Amino acid sequence: MFFASDNTSGVPDPILAALGRANAGFAMGYGADALMDRVRASIRATFEAPEAEVFLVATGTAANSLAIATQVQPWSAIYCHRHAHIEEDECNAPEFYAGGAKLTLLDGTDAKIDADAFEAAIDAAPGGVHHAQPGILSLTNLTERGARYSVAEITRLAAIAHAHGLPVHLDGARFANALVAEGCTPAEMTWRAGVDVLSFGGTKNGLMGVEAVVLFDPARGGTNRAWEFELRRKRGGHLFSKHRYLSAQMDAYLTDDLWLSLARTANDRAARLESGLRGAGARLVHARGGNMMFAEFPLKAHAALRAAGAMYYDWPAPPPHGAGPDHPHQCRLVTSWSTTEAHVDQFIATLTAAL
């Protein structure tokens, strides 16, 4: 009953096997390995983007921060939801890597940016030398509250951004979960909807540790952003010497659509968990868009679950001191590729018995 996060799961056997194969013999370093050539070709084919440039890093923070930094200036405003991952969980890394560009926070239900509020914020942005200049729109899909931006929602937000000369970044740490839930193609959720640069997540969907940054328009604005990304990645300390171990993971991830299979399993388990929670009388706090949800039920049920070994995060904070057993309390629950139906059923049975 481990629902703390999808990054707490292990690594699927095909990924471990690929690392073992990559460990044999010798390979050029720093991304010059033959496996990286395959990864680049696979991502271009998967996203129907033959001109895209593809780079690998080991963490989502590096992917987001470097991706954004290549698109903005130090005096730029980075528009994002106030509950975006780049705001809540990256210790100002995007601002650091972008040389001081400022996160500008927007509102919207379930951590999705409200399009009208975004347009109003840009229209109201002061244009003088004393103020941050509009620089980029960053979306998180799935959001930090577990909801999903639809293709239509991304398209509308991107159109607003582009109308004002802003590029669009998509933080896709859980991109696979959003994609299979939406039932669209990778191209439809990214460049065809107006996304200029994607952080294509792997770690939360089973990889040991690798994310891809995909630049769909590497020459946007007449600037060689691919070369800039390479320089920023090296300068920022995120260019792996033994790069083949990153390439091997991503290559296996994409082979035979393993990445989609892993995400479908996580989403299916989440749907089973959601159904059980509703059946037990728990309140779902946000709309579920993939494999993450937020539920509220009495503290006595939390105590029973903890005693039975269930692991998850209190959200947004631990219960207040002295709260009684019937006090309603919220938590975050995340399923992964390795969550089983038995894990879900045990959780629901324990919850139901305590209520």
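Predicted model: local features only at pLDDT ≥ 70, side-chain atom pairs only at ≥ 80, totals over all residues.

Biologist: Which residue of strand 4 is the bridge partner of Ala77?

Modeller: Strand 2, which covers residues 76-81, is joined to strand 4 by four bridges, and these two strands run parallel. In strand 4, the residue that partners Ala77 is Pro134.

Biologist: How many of the eight residues of strand 4 are buried?

Modeller: A residue counts as buried when its relative accessible area is under 20%. Strand 4, residues 133-140, is largely enclosed by the rest of the structure, because the number of its eight residues that are buried is six.

Biologist: Which strands stand at the edges of the open sheet of four strands?

Modeller: This open sheet has the strand order 8-9-11-10, and its pairing is antiparallel. Two of its strands have a single partner strand each, so one side of each is left without a neighbour in the sheet, and these are strand 8 and strand 10.

Biologist: In strand 11, what is the bridge partner of Ala295?

Modeller: Strand 9 (residues 292-298) and strand 11 (residues 328-334) run antiparallel and are joined by seven bridges. Helix 13 lies across strand 9, strand 10 and strand 11, at about 115° to strand 9. Within strand 11, the partner of Ala295 is Cys331.

Biologist: Are helix 6 and helix 7 roughly parallel or roughly antiparallel to each other?

Modeller: Two packed helices are described by the angle between their axes and the distance between the axes. For helix 6 (residues 115-124) and helix 7 (residues 151-163), the angle is about 10° and the axes are 10 Å apart. Angles under 35 degrees count as roughly parallel, and helix 6 and helix 7 are therefore roughly parallel.

Biologist: How many charged residues does the contact of helix 6 with helix 7 have?

Modeller: On the side of helix 6 the contact has Ala115, Asp116, Phe118, Glu119 and Ile122, which meet Arg156, Leu157, Ile160 and Ala161 in helix 7. By class, this contact of helix 6 with helix 7 has six nonpolar residues and no polar ones, while the number of charged residues is three.

Biologist: What is the handedness of the crossing of helix 1 and helix 11?

Modeller: Helix 1 (residues 13-22) packs against helix 11 (residues 244-254) at an angle of about 140°, with the axes 8 Å apart. Helix 1 and helix 11 are therefore oblique to each other. Their crossing is right-handed.

Biologist: What is the relative accessible area of Ala101?

Modeller: Ala101 has its place in the loop between helix 5 and strand 3. Leaving aside neighbours within four places in sequence, the residues in contact with Ala101 are Val72, Gln73, Pro74, Ser76, Ile78 and Glu95. Ala101 is buried, and its relative accessible area is 0%.

Note on methods: Residues numbered from 1 in each chain as written. Heavy atoms only, no water. Axes fitted to C-alpha atoms, helices over the stretch in contact; angles between N-to-C directions. Parallel < 35°, antiparallel > 145°, perpendicular 65-115°, else oblique. Left-handed = near helix turned anticlockwise from the far one by under 90°. Buried < 20%, exposed > 50% of the residue type's maximum accessible area, 1.4 Å probe, protein only. Pairing = 2+ DSSP bridges. Contact = heavy atoms within 4.5 Å. Nonpolar A, V, L, I, M, F, W, Y, C, P; charged D, E, K, R; others polar.
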